[in-house]
Structure formats: structure tokens, C-alpha cells
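Hi,

Here is the structure I said I would pass on.

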Amino acid sequence: MTEGPCLCGNDWVFQQDNAAVHNARLTKDFFQVNNITLLDHPACSPDLNQIENIWGWMAREVYKNGHQFQTVDALRKAIFNTWSNVPTSLLETLASSMPKRLFEVINKNGGATHY
């Protein structure tokens, strides 16, 4: 059982970017066995994959003011702390931008957008 229904109800769709590393047979089998519906969109499409924006925000936060880490453990802690503190407003902004992103991708026939 996955957490999707607990978090989003029974009518939810999982989004991934379809990059080759995410398209392994084991991954596909997991989605199928767990009856997880995937959003169908082009591979490596950052215009539609908002997690890329979150990764960018996190990197800027973790390395803010040129911060360097002396140990892998210190970096790991900073990453987990940053992940735990992603602002709700950022998530809401990204979610609400989806219709505009889709519209622009359609208008550009799948080409590059400003996202």
C-alpha cells in the first residue's frame, strides 16, 4: 500500500519525469502492482515537473551565503532540514502554476518554455 490515497484520496495521479533511470522494470512493476496511475508526459520535462523547482530552491537554501560543509553528515542534515522546511507557499505557488505551464507547453508544441 502506498501513501497516495491517505494523502490525496482515491482519485490521485503520480507524476514522474519518465527519465530512463525512473523507467526501470522494477519501478514500472511497483506502480502496476500498487495500481498507481501515472501522469503521461514527455521524458525529462522540467516544464511539467515541479519537483525540479523544489530541488533548485533547496540547493539555494542549503548553500545560502556560500555555505560549505565539512562532512557528508553535516550536508545530509542540512538537506533533510531544508526538505522539512519547504514553505507551503512555494508548494501552493507551484501547484497553482500547473494550468499555465500546461497551456504554454501546448502552445509551444512541446518546445521549451520559460519555466
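**Salt bridges**

Counting by the rule below, there are 3 salt bridges here. A salt bridge means a side-chain nitrogen of Lys or Arg within 4 Å of a carboxyl oxygen of Asp or Glu. Before you go further, bear in mind that this is a predicted model, where local features need pLDDT of at least 70, side-chain atom pairs count only at pLDDT 80 or more, and totals for chains, interfaces and linings use all residues. Residues are numbered from 1 along each chain as its sequence is written, and side-chain values use heavy atoms, with hydrogens and water left out.

Start with E61 and K64, whose side chains meet in a salt bridge at 3.1 Å, N to O. E61 is partly exposed, with a relative accessible area of 30%, and K64 is partly exposed too, at 43%. For these labels, buried means under 20% relative accessible area, exposed over 50%, and partly exposed in between (1.4 Å probe, protein chains only).

Next, go to helix α4 (72-84). Helices here are DSSP runs (H or I, at least four residues), as are strands (E, at least two), and they are numbered from the N terminus. R76 forms a salt bridge with D73, with the closest N and O atoms 3.8 Å apart. Both R76 and D73 sit in α4, 3 residues apart, which is about one turn of the helix. R76 is partly exposed at 42%, and D73 is partly exposed at 38%.

D73 also has K77 as a partner, and there the closest N and O atoms are 3.4 Å apart. K77 and D73 are 4 residues apart in α4, so about one helical turn separates them. K77 counts as exposed, at 55% relative accessibility. Through shared partners, the salt bridges join D73, R76 and K77 into one network.

**Aromatic pairs**

Now the rings. The rule pairs rings of Phe, Tyr and Trp (its six-membered ring) if their centres lie within 6.5 Å; planes under 30 degrees apart count as stacked, over 60 as edge-to-face, and the rest as tilted. That gives 4 aromatic pairs. In one of them, F30 and F31, the ring centres are 6.0 Å apart and the planes stand at 65 degrees, so the pair is edge-to-face. F30 is partly exposed, with a relative accessible area of 43%, whereas F31 is buried at 9%.

W55 and W83 make a tilted pair, 5.6 Å centre to centre with 35 degrees between the planes. This pair links distant parts of the chain, as W55 is in helix α3 and W83 in helix α4, 28 residues apart. W55 is partly exposed at 42%, and W83 is partly exposed at 43%. Back with the phenylalanines, F14, F30 and F31 form one aromatic cluster.

**The largest pocket**

How much space lies in the largest pocket? About 440 Å³. A pocket is an open set of points on a 1 Å grid over the protein atoms alone, where a 1.4 Å probe fits, with protein on both sides within 12 Å along at least five of seven lines; lining residues have an atom within 4 Å of a point. Grid points are joined across faces, edges and corners, and the volume is the space filled by probe spheres set on the points.

The lining has 15 residues, and the closest to the pocket's centre are N49, Q50, I51, I54 and W83. Helices α3 (51-62) and α5 (88-96) each supply at least two lining residues, and α3 gives the largest share, with 4 residues. By type, the lining divides into 8 nonpolar, 5 polar and 2 charged residues. Domain 1 (12-41) and domain 2 (46-108) each contribute at least three residues to the lining; the domain bounds come from an automatic or database domain assignment.

**Two loop residues**

Finally, a couple of backbone angles. N35 is a residue other than glycine with a positive phi, near 50 degrees. N35 lies in the loop between α2 (25-33) and α3 and is exposed, at 69%. N65 has a positive phi as well, near 60 degrees. N65 lies in the loop between α3 and α4, and is exposed at 77%.

Best wishes

Terms used
Nonpolar A, V, L, I, M, F, W, Y, C, P; charged D, E, K, R; others polar.
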